Amino acid sequence: MTQLPAAPKQPEQPAQGALKPSDSSRALYGGKSTRRITVRDIAAAKERGEKWPMLTAYDALTASVFDEAGIPVMLVGDSAGNCHLGYETTVPVTLDEMTMLSAAVVRGTRRALIVGDLPFGSYQEGPVQALRSATRLVKEAGVGAVKLEGGERSHRQIELLVESGIPVMAHIGLTPQSVNAMGYRVQGRGEEAAAQLLRDAKAVQDAGAFAVVLELVPAELAAEVTRVLHIPTVGIGAGPETDAQVLVWTDMLGLTGGRVPKFVKQYADLREVMAGAARSFAEDVIGGTFPQKEHSVH
Ligand code: KIV
């Protein structure tokens, strides 16, 4: 059972997997159940051995739904590229776009820790460029932390951001910004690749990251990384043993068209719900059954 701070409104019977805050969490956080979750809460959750969920969000309305549902951490991922902005990959996403989307998610939420993704090209030049980019997400959008891809190769960037007071979530394993170099393949398979993944995980922890995403790595390896690290691991396609799990919201709610990865569990079929509603609306308009008297003003 998670003890992250309580959501403002909890259903009497929490849905399966919803947060069930305990009295001790209220005591721990001085009863301020509506305050924002911070990276310190995340560290405390690892110490207590609690698992937590993270979802992506790209707009204020969707984020407000997840916030009210008690999702404690939201990622404004650069998956917005393919899931929200209509690009084929995350590569074209710009810092301006991430700043605009992150600001909307911050405005739509009261409680979740909002993590803004640094897009491709906004931190690879080095620590100073990373700091300039992260500063925009913190100052202009109001995020509580940033995420960037890379293990050993990104440790200098992480160090400077953390020294500057910006919490960093790292991201290793499959790193979609490198799709042109690595494709979308399972990472960490085989002895050498597994050893490299462990080195990457330790490098980001040593650099000061508060958490690390493990994307598309064998479950056994993700479990080992989770045991070895003192910062939380956030799995996506990394098996059940990580400290947290993240899903892309449009995949998880069945809005994404076409194939979704095998590791996605689909909790709803929004695409069908929305298409059905749109078809009904169209039929009503064409058939003259909408609007009725009750939808009209006189
Ligand atoms: O951009 C994103 O949504 C991500 C998650 C898949 C972790 O990086």
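User: How far is an oxygen atom of the ligand from an N or O atom in the side chain of Ser-79?
Analyst: 2.5 Å. That is a polar contact (a pair of N or O atoms within 3.5 Å). This is a predicted model: local features need pLDDT of at least 70, side-chain atom pairs count only at pLDDT 80 or more, and totals for chains, interfaces and linings use all residues. Residues are numbered from 1 along each chain as its sequence is written, and side-chain values use heavy atoms, with hydrogens and water left out.

User: And what are the distances for the side chains of Asp-78 and Asp-117?
Analyst: For Asp-78, a ligand oxygen is 3.1 Å from a side-chain N or O atom. For Asp-117 the distance is 3.3 Å.

User: How much of the ligand's accessible area does the protein cover?
Analyst: 96% of the 260 Å² that the ligand has on its own (Shrake-Rupley, 1.4 Å probe).

User: Which residues are around the ligand?
Analyst: Among them are Thr-56, Leu-75, Gly-77, Lys-147, His-171, Val-213 and Ile-236. Each has a heavy atom within 4 Å of the ligand.

User: How does that shell divide into nonpolar, polar and charged?
Analyst: 3 nonpolar, 4 polar and 3 charged. Gly counts as polar here.

User: New topic. What does pLDDT average over the protein?
Analyst: 91, on the predictor's confidence scale from 0 to 100. 89% of the residues score at least 70.

User: Where is it below 50?
Analyst: Over residues 9-32. Beyond near neighbours in sequence, that stretch has 33 contacts in the model (heavy atoms within 4.5 Å).

Terms used. A polar contact is a pair of N or O atoms within 3.5 Å; within protein, one must be able to donate a hydrogen and the other to accept it, and residues adjacent in sequence count only if both atoms are side-chain atoms.
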